[in-house]
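The points are grouped by topic.

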Amino acid sequence: MLRACCDVPLLHLTPRAIGSTGERFRTFPVLSALGLVILAMLLLAVPAAYGGPERGWVGRLVHAGSLAGCVGFMAIAVAALLGGAPAPLPLPFGPPWGGARLALDALGAWFLLILGLAGALASLFALGHPPGPARSLVPYPLFLAGMALTLAAGDLFTLLLGFEAMSFASWALVAADHEQAENRHAARRYLGFALFAGACLAAAAGLLAAGAGALDFTALRERPPEGWRAAAILALVLAGAGAKAGMVPLHAWLPLAHPAAPSHVSALMSGAMTKVALYVLARFLFDLCGPAQPVWWGVPLLVLGVAGAVLGGLRANLEADTKTLLACSTIENIGLILAALGLALAFRGRDLGGLATLAAGAALLHALNHGVFKTLLFLAAGAVLHAAGSRRIDRLGGLIHAMPVTAACAMLGAGAAAALPPLSGFASEWLLLQSLLAAWKLGDITLQVLAAAALALVGMAVALAAAAMMRLIGLVFLGRPRTPRGAGAHEVGRLERAALVLAAALTLAFGLLPGALLDLAGPAVAQLAGAAPLRHGLGLLAGEGAAAYLPWLVALLLAACLLATWLLLRRRSPQATQRGPVWNGGFIDPPLVFGDPLTQPSAGGIAQPLRRMLGTSLLAAREVVDMPRPGEPRAGHYAASFRDPSEPFLLAPLARATDALAGRAERLRDFSLRQCLGLGFATLVLLLALIAWLEGG
Amino acid sequence: MMQALAAILTQLLHVALVVLAAPLLVGGIRWLKARMLGRRGASPLQPWRDLDKLLRKRPVLAENASAVSEVAPYLGFAACLTALALVPSFALGMALAPLADLLLVAGLLALARMALALTGLDVGTAFGGLGAAREMSFASFAEPALLVAALSFVMLAGSSNLDQIAAALRDGGFGLRISLALAAAAMLAVAVAENARVPVDNPATHLELTMVHEAMLLESSGRHLALWEAQAALRLTLWLALIVAIFLPFGTAPAGAGPLAWALGLLAWVVKMAGLALALAVFESAIAKMRVFRVPEFLGAALLLALLAAALLFVSTGLS
């Protein structure tokens, strides 16, 4: 690392083959600046190691430094998006046969912008938040640096290095609060999935590199994989990047790991890390695998994405923990982005450039919007956890009175997650639905029927998300407090409020000007879609002559209607509002301070209709009512449960297989020395044969 | 210039028309149903009188009601009014026609639904939560059916803009297509569910356990209740106008037509809406409310019809 530090300034003078001198001077600083910011983030981990409860300034230093770094990421990303991709910057380390290099094209810059936004908001929140365990301070800047390195990688080695740094730093963050058994369980499962993702991506990178004989992206693009090799890369990348992004069926870690981490880290994992995984997926499948994939490449992405959207949306309606609920909503949104990416891939394979830009634009815009509103929602959940002392919905309630700012911001975020116009979530989901409505142009009847089914399921997922957000807001912020601790809640501090208000303002602004954002993302969209996108301007266009969405005009109309209604009613109905005891259908108010909390709808109660309508078939949901017989003096009991299908169908067989394999491997202990040597030799020969085969074929 | 003025004028006339017609439509359906049941029934003007009465009353809010209870009625009403301003009635080519996207209309209705559901949960009463949960659950079955039904006519019109769809289906000479009929059936089922009508919900019920829509309004009174009632009327008008605009586009004045065509279009619209109201009244009188957990089957059938419509179109476009 020290060498890198000394070498970076020198690199300005290194003569290079590509690009004129003037171009070099214009473009070089962007990547050098990015490299320096990443390096500074790495160096932040050094003072962080001296943190502790008695040294509050260390936490502040780390989070302020991260905030500054993330603002730097944003500035660099916007510069790269507006100014064009700078030429790659070689790094002074890397494998001997192919040097590591930094590069930042439009695709990477767009995701760097998402990372910068989510990271800045999370760091600002953490700056005002009481510091968690000191051991979460070291991995936090490393996590940010790892994500940035993944996005700024110019070759496969740097990409995998950044990806693994991100994985392990985030594992350390999930395990930071390891006194609780459930957090240890979450961290263990997270580590398992991270290792699996890393292994799949390394294999995919190996297959790619062996075919092209190089590691850097420009060389890889010239010799894209073909035949079985391309299909194997598709499967491996889907498994590897999908496991990190929370794609169904590899999502089992997400509802465990997100609640276990500190709130600002959950925000970052949900808002930025899953997007980085999607970036890796897009980089491999859209860019490095060449411009011409068959249409069917989009099908697995579309199917898995839509399945994830429905499953995540449904689970979000059944969970009783705020952060788990938000994690399931992340599974849903990642599913929507994946479905959009799959559509873009299919359209591109059919040479429908305009539609491919529509779907790719939907994916990129939703990635950004979700990055911001999910960060906002996780930070609000963190504020609630801090102020009201619980994550469980059934221990919260009525917080809008004690925490009005947090409640208002959370409502805006939930509105965006529920795809309500004119907030940000609606704009990107509008694009996705428009591309699904146009998917019949793919021609093949199988694909058409598939797209129609996907349209129905995406519609269901959007409505399920709205129901989940209604449940979250209605039970946490509205109603009456359900516990004395929740009744004693207070508004969070100044900096935390600033982070929430900033995120809410961004959610609103992104919702009002999606066209400008999409124009900013234009080069990235063109990179994904292989065709030049439309200029959207102020609104969003679904294509030439097709429908348009003008959010600012919608907002204006809504405001005008609100104002007219209010003015009219003030004239026609001048009586002031009066306060009185709650009517509640005529029931007598229970004689407690806040009324009996048990007469309020509970998390399980609100979930009941969807649990019965969809949960029984999709999630094996069960309700058990234990009613005492007449005259029996015990209380009745009601228990509801559900099971994610990935547990019995994927994780349980996997655990059994691991046990069986471990049992077999035990036999290796009894090998004699000669057999052990033979084993090592055979492995070596096999690996060499594999290399020879891959390099040759 | 004249064109733009005519567009603005039709837009204003349209908004005035639907705002005046909405309570009349609700009252008319009630009157028709009462007639069919052998009662005399209240005058179709009764909803207007009710609204006037409610506006003059002092609204009472629960002690622990938050700002949500005060703001949500306005927001829900404004969202429904905005959505209704986009759905063409007697003339095409209104000033807001470029904005009249079907998905946006669905989004605005979802906004109004969210406002209603949060009002139901604001005070923390059991019935409010029950109604909110059921309302949002029904929506998760109604949205897919609506979207797939929309797929059929979006395929034919090439756009999801309501004005373009109405114009295309009016002038396109698609004739009586089976797929359009199936999509219309699906849309009708969705309309029944979205408006909380029999058999999904009973708008006249006073038994809390069977209520969905009304359960969320138990704490509303005065002008807040008036706004919610007016919003429900607007929503019903919107759905019927939507079905009229897409599936019964005959007689609607084309873009840029003169006042004579508007008058004819107005007449045609009134006749078509009255016909749909009669059909709705007959349907509601003939059928019983279904159990809450049968609603997914009802809407699932609508989804299947819509899918069938789309599949027929796929086959027919593939052949030609």
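How many residues of chain B are in contact with chain A? In this predicted model, 72 residues of chain B are in contact with 71 residues of chain A.

**The side of chain B that touches chain A**
- Helices H2 (46-56), H3 (67-86), H4 (102-122), H5 (126-157), H8 (222-247) and H10 (295-319) of chain B, together with strand E1 (60-62) of chain B, each supply at least two residues of this side.
- H5(B) accounts for the largest share, 18 residues.
- By residue class, this side of chain B has 46 nonpolar, 15 polar and 11 charged residues.

**Strand pairing between the chains**
- Strand E5 of chain A, residues 578-580, pairs with E1(B) in the parallel sense, over 3 bridges.
- A:Arg579 has B:Leu61, in E1(B), as its bridge partner.

**Domains of chain A**
- Chain A is divided into domain 1 (293-532 + 543-567), domain 2 (605-628 + 635-643) and domain 3 (646-696).
- Between domain 1 of chain A and domain 2 of chain A, the C-alpha centres lie 27 Å apart.
- The contact between these two takes 8 residues from domain 1 of chain A and 10 residues from domain 2 of chain A.

**The side of domain 1 of chain A that touches domain 2 of chain A**
- Helix H12 (298-318) and helix H18 (445-476) of chain A each supply at least two residues of this side.
- H12(A) gives the most, with 5 residues.
- The residues of this side of domain 1 of chain A divide into 5 nonpolar, 1 polar and 2 charged.

Notes:
Residues are numbered from 1 along each chain as its sequence is written. Chains are lettered from A and ligands numbered from 1 in the order in which they are written. This is a predicted model: local features need pLDDT of at least 70, side-chain atom pairs count only at pLDDT 80 or more; totals for chains, interfaces and linings use all residues. Two residues are in contact if their C-beta atoms, placed from the backbone, lie within 7 Å. Helices (H or I, at least four residues) and strands (E, at least two) are DSSP runs, numbered from the N terminus. Ala, Val, Leu, Ile, Met, Phe, Trp, Tyr, Cys and Pro count as nonpolar, Asp, Glu, Lys and Arg as charged, and the others, Gly among them, as polar. Two strands pair if DSSP finds at least two bridges between them. Domain bounds come from an automatic or database domain assignment.
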